[in-house]
Amino acid sequence: GAGAETWLVGPGGQPMRFADALAQAKDGDTIEVLPGVYKGEVGVIGQRRLRIVGIDPRPVFDADGRHAEGKASWVVRDGDIEIENIEFRGNRVPDGNGAGIRFEKGRLTVRRCRFVDNQNGLLTANFGDAELTIEDSEFAQAPRVVGTLPHLLYVGRIGKMSLTGSRFHQGFEGHLIKSRARVNRIAYNLIVDGPGGGASYEIDLPNGGDAVVLGNIIGQSRDTQNPALVAYGAEGRAWDRNRLLLAHNTLVSDYPLAWYLRAWPGKLGDGTEVRAVNNLTVGAGL
């Protein structure tokens, strides 16, 4: 918009530190991030409108033992925020829920980002009008700490989550994708735990909601912690409308006896719809 500024930041503070740009940027501005490794550069995004974009090759934000507010490398407070082409790596916090990004409220769009070795790749709060869009991103390498249940993507009770064109692999004990959102649209992703993976569910929608899972490749490793690939409604009702359409997916399992879809319509109440249409299953399973 008219009057918007662009702030250029680089590793080592040249030409500017990320924290200084974040402090000075106004609504509608853009922060451009030069390539390199940014160690311990964490922050809270409090603007109402802001775009942060990395310049290729993709900049890496390595938490390096630091965090914002005990939550994440970056905390998105509210507003309409876009984050593009940034890697978030190695976040740890004392309560075990450290994330690359903690999204609290408003609308967040994440494009071409990478989340590696975080306690949660991206974690949201539970505001019912919040909306999260993820496009062309990668979530990988959950920390291999027994009993911590790290999730590569954990979406709380928000209004809508849209996930397209993204890659998930190498979970451990937790789920590759867990979403409690009222509306979920999960389409054309590669959600394959792969060699070295040991996740539980590949997709977990524990509170039902209006969900469409379309055109994905969903793969379970031999070392999975749970035989089900897609789970719907395991923890009971949170929303008035509960409908799952699982269509045109390829579901692959290396586990000896998989459960490709497990649903609990009885926990979600009358009117719940569960439909599986034209899915290809590969491996031994139900």
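**Close-up 1. Salt bridge between Arg114 and Glu138.** In this predicted model, the side chains of Arg114 and Glu138 form a salt bridge with an N to O distance of 2.9 Å; the term stands for a side-chain nitrogen of Lys or Arg within 4 Å of a carboxyl oxygen of Asp or Glu. Arg114 belongs to strand S12 (residues 114–116) and Glu138 to strand S15 (residues 138–140), so the pair ties together parts that are 24 residues apart in sequence. Strands (E, at least two residues) are DSSP runs, numbered from the N terminus. Arg114 is buried at 17% relative accessibility, while Glu138 is partly exposed at 22%. Buried means under 20% relative accessible area, exposed over 50%, and partly exposed in between (1.4 Å probe, protein chains only).

Residues are numbered from 1 along each chain as its sequence is written. Local features need pLDDT of at least 70 and side-chain atom pairs count only at pLDDT 80 or more, whereas totals for chains, interfaces and linings use all residues; side-chain values use heavy atoms, without hydrogens and water.

**Close-up 2. Salt bridge between Asp210 and Arg185.** The closest N and O atoms of this pair are 3.4 Å apart. Asp210 sits in strand S23 (residues 210–214) and Arg185 in strand S20 (residues 183–187), so the contact ties together parts 25 residues apart in sequence. Asp210 is buried, with a relative accessible area of 8%; Arg185 is partly exposed, at 25%.

Close-up 3. The whole structure holds 22 salt bridges.

Technical notes: Helices (H or I, at least four residues) and strands (E, at least two) are DSSP runs, numbered from the N terminus.
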